[in-house]
Amino acid sequence: MLKVKIYTFLLHLAAWLLFMVFPLLFLNDRGQNSNYLLLLSQLYYWLFGATYITLFYVNTSWLIPRFLLKKQYVVYASILVLLLSLINVLQPYDKLLRSSEGAFPEFTHHGPPPEGNLNMPPPDFGQPFPEHRNGIRPGFRPGPHKGRHFDNISIFLFLMIIGISTAIRIIKQWQVTEKRAIQAEADKASTELSFLKAQINPHFLFNTLNNIYTLAMMNDEHTAESILKLSNIMRYVTDEVTADFVLLENDISCIKDYIELQRLRLGDSTTVNFSVNGIAEGKTISPLLLMSFVENAFKHGVSKNTPSIIDIAINIFPQSVRMLCKNQVFAHQNKMPRTGVGLENTKHRLNHLYPGKHTLTILEQNGFYIVDLQIQVDNA
C-alpha cells in the first residue's frame, strides 16, 4: 500500500512539473535572450500553476464525490459554470503573459543603416514594416485594453483540467466498485460453500450411522470394527473438512473406511471393486467431493434381492485426479430421481472451487450408472 501511494505521488509530481514547463517553452518562442529565472520570480507564474493545480484536486477530491457520484448533476454543473466564470475573470494565463514582458525582450529592428546620404530617410520611412501591415512597428505592445479581453487559453486549460480530473476520478471509482464487487462475490461464494458443506457432513454421517445401526440390529460380529472406522471418518469430518482443501491421501483414506463399512453391512450380496492408482502424497483436494459420488453409488446401486456390482477407481496423475464410479441400475430405482442433497451440493461446490478445472460426465449406459469426474489438483 505504501509503495502504491509513493508511486501515485511521484506520478502526480511529474505531471505537474511537466505542466509548469509548458508556459516557459511557449513564452520562449515570443522573444530572444530568455530570462527564465526572472520569469520564475514572477508572482503570476506561480498563481497560474496554483490556480489549475487547486482546480484539479478540488474537482477530484470534493466536487465529484460530493455531487457527481451522488447524481446531483445540476449542482455539479452549476459549480463548474461558476468556476469557469471565475477563471474568465482572473485570466491567469493572460496575466502570466503580460508579466513575462520583462523576462522575454521584444523583437526590435537591428538592420544596417542605409547606404548613401545619411541625411536621407531610409527607403521604408513612413511605411509600415512588411511584417505588420497594420502600421504597428515590431516590438510594440499595446497598453491595457479598455474592454475585457477574452482569455481563451485560460478557458481551454480549465476545460482540459476538468476533463482529465473527472476521467481520472471516474476510472478510480470504477476500479473501487469493481474490486468491491469481486470481493462481495468471493465472500458470497465462501459463505455458500460453508453452507453446502454444513449440509453434506450431516447427510453423510446420517447415512453411515444408519449402516451401523443395521449391523447392530443383526448382531453382526463386525459391529465394533464398524464403529472404529466410523470414528476415523468422524475425526476426519470434524477436524479437516472445515478447510477448503485437504490432503488427497486423507480424503482417500476416508473413502476406504467408508467402503469397508459398506462391505461389512452388505456382505457377499454386493461386490465392491475399489482401486487407487498413482501417488496421492503432496496433493490437495476439496474434502468429500469424491465421497459424495461414492456414497451415491451405494445408495442407488444396491438391491436387496439381486446381487450387485459397484466399481470405483481413483487414478492419480501429476496434475489431476480422475474417479470412475459405476453401479448397476435396477428397475425399481429407475423411477427414483437421483436428487440427493449431497450430490447436488457437490455439483455446486465443483462449479465454485474448480471453475474450468474439472469435467463431470454422468450417464446411464447398458444398465449401469456411470460417473466420470476429473479434477485438476494442486500440490500442498
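1. The axes of α8 and α9 (residues 289-300) come within 10 Å and cross at roughly 10°, where axes are lines fitted to C-alpha atoms, for helices over the stretch in contact, and angles run from 0 to 180 degrees between N-to-C directions. Helices (H or I, at least four residues) and strands (E, at least two) are DSSP runs, numbered from the N terminus.

2. From α8, Asp-251, Cys-254, Ile-255, Tyr-258, Ile-259, Gln-262 and Leu-266 make this contact with Leu-290, Met-291, Val-294, Glu-295 and Phe-298 of α9, contact meaning heavy atoms within 4.5 Å. The contact of α8 with α9 has 9 nonpolar, 1 polar and 2 charged residues; Ala, Val, Leu, Ile, Met, Phe, Trp, Tyr, Cys and Pro count as nonpolar, Asp, Glu, Lys and Arg as charged, and the others, Gly among them, as polar.

3. This is a predicted model, in which local features need pLDDT of at least 70 and side-chain atom pairs count only at pLDDT 80 or more, while totals for chains, interfaces and linings use all residues. Residues are numbered from 1 along each chain as its sequence is written, and side-chain values use heavy atoms, with hydrogens and water left out.

4. Helix α8 (residues 248-266) also packs with α7 (residues 223-239), their axes coming within 9 Å and crossing at roughly 150°, and α7 and α8 are therefore roughly antiparallel to each other. The crossing of α7 and α8 is left-handed (the near helix is turned anticlockwise from the far one by less than a right angle; clockwise would be right-handed). On the α7 side the contact includes Lys-229, Ile-233 and Tyr-236, and on the α8 side it includes Cys-254, Tyr-258 and Leu-261. The residues of the contact of α7 with α8 divide into 7 nonpolar, 3 polar and 5 charged.

5. Helices α3 and α4 (residues 73-90) pack at an angle of about 165° with their axes 10 Å apart, and are therefore roughly antiparallel to each other. The crossing of α3 with α4 is right-handed. Among the residues in contact are Leu-55, Leu-63 and Phe-67 of α3 and Tyr-76, Ile-79 and Leu-83 of α4. By class, the contact of α3 with α4 has 13 nonpolar, 2 polar and no charged residues.

6. The lining of the largest pocket divides into 21 nonpolar, 5 polar and 3 charged residues. Helices α1 (2-28), α3 (43-68) and α6 (152-217) each supply at least two residues of this lining, and the largest share, 12 residues, comes from α1.

Conventions
Angles under 35 degrees count as roughly parallel, over 145 as roughly antiparallel, 65 to 115 as roughly perpendicular and the rest as oblique.
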